Amino acid sequence: MTDTATDVLIVGAGPTGLTLALDLARRGTAVRIVDRSPAHPRTSRAKGPNPRSLEILADLGVADEVLAAGSAPLPMRVYRDHRPVAETDPWADAAPTPATAPAPAPATRFDRPWLIAQWRLEEILRARLAGHGVHVELGREVVGLVEGAGGQHVDVTFAEDRAERARYVVGCDGAHSPVRKLLGITFDGTTAEDQVMVSGDVELDHEELGRDRWHQWFDADGAVMLCPIPGTRTGWWFQAGPERDADGRPLAPTLDGFRRLFTRHTGLPGRHLTRAELLSTYRVNVRMADRYRVGRILLAGDAAHVHAIAGGLGMNTGIQDAFNLGWKLDQVLAGHADAGLLDTYEEERLPVAAWTLDLTSDRLRATLEAIREPGGNLGSAMTPETAGLGIGYRWSSLAGTKTATEAGTEAGRKAGTEAGTEAGTATSAPATGPHPGDRAPDAPSLDAATGERTHLYGTFAGTHTTVLGFGPASAAVLREVAATYGEGPGVRACRVYAAHEDPGTAEPGALIDDQGHAAAAYGIGAGGSGLVVVRPDHHVGVVAAVGDPGSVREYLRRLHGAPGMVDAVR
């Protein structure tokens with residue numbers, strides 16, 4: 001047993017574990033990541049990140065590489081009885097969405113999901129993680145977890161009988177999670193034995209099947225779906241209804257079986273399918289853990305929840321789990337927040353998992369219904385909800401309960417002053433903007449110092465909490481924030497100037513809302529003011545009127561354990 005404890009030991013090196021490891025490593029947390037596999041996988045599995053996950057990957061500094069290595073989602077060509085019967089592009093009308101009043105769409109630069117083989121995404125994340133000096137430790141199987149006396153660490157036993165210590169352990173080790181089983185956490189739900197699919201990565205040498213389409217054959221007796229794998233010349237994702245024996249039981253997938261299914265549904269010779277690997281049988285499992293945390297041990301990703309594949313939310317939900325957890329672990333380890341902050345991880349993400357199980361089950365039903373008719377396709381699984389941009393935590397104890405208008409009005413009543421009343425009306429952020437707990441909208445803007453085009457998420461990116469200030473009256477609060485938290489990585493103050501304001505010698509990091517999209521996104525009326533605290537994971541913590549800086553102070557104290565701020569604004 002080594003007496004030296006690493007800060008966080010992550011078990012499982014898929015996208016969830018790698019996202020968490022990278023977020024922690026860039027914060028300076030001593031993190032290790034282990035996986036029981038002897039080698040990194042070279043299989044495709046998940047088809048890629050949705051728009052919300054792309055925002056996270058951009059924050060982690062890898063989105064450009066992910067976009068370059070993958071491709072935009074492809075139009076779908078649908079066949080019946082070997083003949084094409086329909087073409088559809090679910091993303092044809094998608095576009096980046098600057099906010100527009102009065103009812104903005106979720107403002108984001110990423111207007112669609114992205115196709116990339118999971119092995120390639122993992123490779124990109126591992127390379128970025130290696131830049132922080134952290135490497136995946138392969139062939140390390142965890143077989144024992146015991147919280148140490150006094151609850152200050154976890155003793156971790158590996159299969160080779162070696163024992164080590166970690167302050168926290170996070171199980172990102174998949175649906176069959178040994179970590180979850182060692183904790184005795186239930187994984188309740190159902191398995192639909194009649195909803196079966198075989199899948200694998202295949203190579204295909206038939207040039208008439210263009211790689212600019214996702215080909216889908218749906219017949220009365222089954223289906224075959226072929227989607228080209230970006231970055232390969234002949235690689236495809238293969239999904240199909242299984243072959244069955246005389247008693248109707250699904251047969252295990254084989255290369256010859258894939259060839260027979262290919263011929264039956266496409267009418268093309270099976271010999272064109274030259275190789276198949278990662279052959280698997282998929283049954284619809286809808287399950288979730290009843291807890292995400294036991295003391296110093298936590299769960300994330302498939303270890304905590306599994307659901308129908310419709311909508312492509314499996315990997316994405318895990319990435320988003322990790323991004324919610326990483327900053328909270330760091331704040332606790334750094335001593336800025338007490339361990340109770342970790343309770344908000346389960347508080348926020350467990351209801352999201354329950355919602356995701358319901359959504360994906362609904363989308364699966366809709367898709368199975370759609371493909372019964374000629375021309376029906378997998379596009380039925382996609383809805384605005386599957387983009388992940390609408391997920392928020394309004395119920396969270398980290399979310400305030402008042403809109404800026406309500407907060408300002410209350411501040412005005414308490415102060416009994418004309419200025420306070422004004423803070424609750426014209427100069428406050430109206431209720432049309434985001435509420436505490438919501439995902440913070442993105443918006444295009446200009447860097448006030450350079451005039452270069454940028455966006456709000458460029459300001460949010462990194463390891464800090466952001467305080468946005470709209471309107472001249474916010475300047476004093478932002479100065480207070482900067483004076484209290486300095487130039488460190490913890491908190492960043494950002495003045496957002498309206499197009500008509502003269503920024504003069506702008507504060508470092510200030511932005512110009514030259515097109516009014518930022519004000520629209522945050523519900524700031526013409527000539528209005530407001531304060532918005534954005535958590536490190538891009539969710540709104542506080543929305544306040546400039547006349548009510550106390551809620552901003554208190555929130556920052558809770559997250560960052562800072563000394564009392566100078567009472568410069570009353």
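Modeller: Let's start with Val170. Leaving out residues up to four places away in sequence, Val170 touches Val8, Leu9, Ile10, Val11, Leu20, Leu298, Ala300, Leu325 and Leu329. Before we go on, keep in mind that this is a predicted model.

Now zoom out a bit. Val170 belongs to the largest nonpolar core, which has 93 residues. Within that core, Val170 is one of the residues that touch the most other members, along with Ile10, Ile33, Val66, Val169 and Leu329. Helix H7, residues 314-333, gives this core its largest share, namely eight residues. There's also a second, separate core of 19 residues, and among its members are Ala443, Leu456, Cys494 and Ala518. As a general rule, nonpolar side chains in soluble globular proteins tend to be buried together.

In case the word is new to you, a disulfide is a covalent bond between the sulfur atoms of two cysteines. How many disulfides does a search of the whole structure find? The search comes back with zero.

Next, the aromatic rings. A pair of rings is described by two things, the distance of the centres and the angle of the planes. This structure holds six aromatic pairs. In one of them, the ring centres of Tyr292 and Tyr345 are 5.6 Å apart and the planes sit at 45°, so the pair is tilted. What I like here is that the pair links distant parts of the chain, 53 residues apart. Tyr292 is in the loop between strand E13 (273-289) and strand E14 (293-294), while Tyr345 is in helix H8, residues 343-370. Are these two buried or exposed? Tyr292 has a relative accessible area of 0%, so Tyr292 is buried. Tyr345 is also buried, again at 0%.

Stay on helix H8 for a moment, where we also find Leu368. With 33% relative accessibility, Leu368 counts as partly exposed. Follow the chain for 13 residues from Leu368 and you get to Ala381, with the two C-alpha atoms 9.4 Å apart in space.

Rings can also have a charged neighbour. Arg180 lies over the face of Phe187, 3.7 Å from the ring centre, and Arg495 does likewise with Tyr497, at 4.1 Å.

Strands of a sheet pair through backbone hydrogen bonds, either parallel or antiparallel. Here, eight strands form an open sheet with mixed pairing, in the order E4-E3-E10-E11-E12-E9-E13-E16. Strand E4 (83-88) and E16 are the edge strands, each pairing on one side only. E13 sits between E9 and E16 in that order. With strand E9, residues 187-204, E13 pairs in the antiparallel sense over 14 bridges, and Leu204 stands opposite Leu273 in E13. With strand E16, residues 305-306, E13 runs antiparallel as well, joined by two bridges. There, Met288 has His305 as its bridge partner, and Arg287 stands opposite Val306.

One last stop, strand E22, residues 530-534. Five of its five residues are buried, so E22 is largely enclosed by the rest of the structure. Gly530, Val532 and Val534 point one way from the strand, and Leu531 and Val533 point the other way. Which strands does E22 pair with? Strand E19, residues 465-470, is joined to E22 by five bridges and the two run antiparallel. Strand E23, residues 540-544, pairs with E22 over four bridges, also in the antiparallel sense.

Definitions and conventions
Residues are numbered from 1 along each chain as its sequence is written. This is a predicted model: local features need pLDDT of at least 70, side-chain atom pairs count only at pLDDT 80 or more; totals for chains, interfaces and linings use all residues. Side-chain values use heavy atoms; hydrogens and water are left out. Rings of Phe, Tyr and Trp (its six-membered ring) pair if their centres lie within 6.5 Å; planes under 30 degrees apart count as stacked, over 60 as edge-to-face and the rest as tilted. Buried means under 20% relative accessible area, exposed over 50%, partly exposed in between (1.4 Å probe, protein chains only). A charge sits over a ring if NZ of Lys or CZ of Arg is within 6 Å of the ring centre and within 35 degrees of the ring normal. A disulfide is a pair of cysteine sulfur atoms within 2.5 Å. A nonpolar core is a set of buried Ala, Val, Leu, Ile, Met, Phe, Trp, Tyr and Cys residues joined through side-chain atoms within 4.5 Å. Contact means heavy atoms within 4.5 Å. Two strands pair if DSSP finds at least two bridges between them.
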